[in-house]
Amino acid sequence: MARYLVPLGIFIVLAIFLGIGLTRDPKLVPSPLIGKPAPAFTLPRLYEPEKNFSNEDFAGKVSLLNVWASWCAACRSEHPFLMQLAGKNIITIYGLNYKDERDDAIRWLAQYGGNPYTVIGHDLNGRTGMDWGVYGVPETFVIDKKGVIRYKHVGPLQPEVWNSTLLPIIQKLQAE
Amino acid sequence: MRLPHFLSCALLLVLMLPAQAAIVAFEFDDPAKEARFKHFGEELRCLVCQNQSIADSNAELALDLRRELYKMIQNDATDEEIIDFMTNRYGDFVLYRPPVKTTTYLLWFGPFVLVLIGLIILFRVIRSGNKQGNTELSTEEQQRLQQLLKNEKGEG
């Protein structure tokens, strides 16, 4: 009997591990920045380049930092949802315009339905994005009242993932 | 149509150029620094195209990271500083050789455990095989053999 049970057992264990492996997306790399203060930066704003946007702007409220670019196709698919979110006034949405030309970025926002961001930082050379560990736009960070990064979502922000994951985290952080 | 050998060789060389260009773009006057640059370029994983190192990849991010690596090496950053710079931003995932710690024990030691399990199974199979090859009969089997032989004689 044991002669059959042992291979069966090995098979089941392997199948479970491989099965779990199949459900995970290898493109999603866990960020080492979760639980750490937002990396320091000072960037010119996209619309008012003479003014700055810096990590100190995060203090005092829970906010989102959405990393986007006009050359990013997936950003187009999340843009209507960001507009909808901005209209609801649940949370401050900051933008990080990553490796993009100012004119292209401004034109893109005008073309695709408006600007959902309170302030947009213009990260022309991508150096700030690098400090934030950005590796695939769009990315969205949830930042708490103390300016600590609490969650990172990689990929377009859609209603399903917003309702199931981000909104509960944000509500918890806002109650803190 | 057959190309003369030297022509086809020349063609191959030209085709190889873009692959070389990725590294050559950064110039070093110190060969030791260049060696470090090459070493780290191959040890670090590009996060956009995960099966390529940052030296191999043509992704924008890989280029940015190569530039950053170049700067750090020109400024004589230590190995530790370079590794910290990368892992503070992208996690251990950027390292093709992640550090040994509790979360990576399975990764580092799993294969050895599997080999050990395999050896134990092999050993047991060989031993039980030896047992089956045993030609000595137990007393019970001897009795049964005698009986069968007797029966055969009676019938014959």
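Author: The bend at a residue is the angle between two axes, one fitted to the seven residues ending there and one to the seven starting there. Helices (H or I, at least four residues) and strands (E, at least two) are DSSP runs, numbered from the N terminus. The model is predicted: local features need pLDDT of at least 70 and side-chain atom pairs count only at pLDDT 80 or more, while totals for chains, interfaces and linings use all residues. Residues are numbered from 1 along each chain as its sequence is written, and chains are lettered from A and ligands numbered from 1 in the order in which they are written.

Start with helix α2 of chain A, residues 73-88, which bends by about 35° at A:His79. A proline, A:Pro80, follows within four residues of that point. A:His79 is also one of the buried residues of α2(A), along with A:Cys75, A:Glu78, A:Leu82 and A:Leu85. A residue is buried if 20 or more other C-beta atoms lie within 10 Å of its own, exposed if 12 or fewer, and partly exposed in between, with C-beta atoms placed from the backbone.

The cover over these buried residues includes strands β3 and β4 (92-98) of chain A. Contact here requires C-beta atoms, placed from the backbone, to lie within 7 Å.

Just after α2(A) comes A:Asn89, with a positive phi of about 60°, although A:Asn89 is not a glycine. This residue lies in the loop between α2 and β4 of chain A. A:Asn89 is exposed, with 7 other C-beta atoms within 10 Å.

Now the sheet. Five strands of chain A form an open sheet with mixed pairing, in the order β5-β4-β3-β6-β7. Two strands pair if DSSP finds at least two bridges between them. The edge strands, β5 (119-123) and β7 (149-154) of chain A, each pair on one side only. Direction ignored, neighbouring strands of this sheet are turned by 20° against each other on average. Axes are lines fitted to C-alpha atoms, for helices over the stretch in contact, and angles run from 0 to 180 degrees between N-to-C directions.

Strand β3 (residues 63-68) and strand β6 (residues 139-143) of chain A are antiparallel partners over five bridges. Within this pair, A:Leu65 has A:Phe141 of β6(A) as its bridge partner. Helix α5 of chain A (residues 159-175) packs on the sheet and touches β6 and β7, its direction making about 170° with that of β7(A).

Note on methods:
Two residues are in contact if their C-beta atoms, placed from the backbone, lie within 7 Å.
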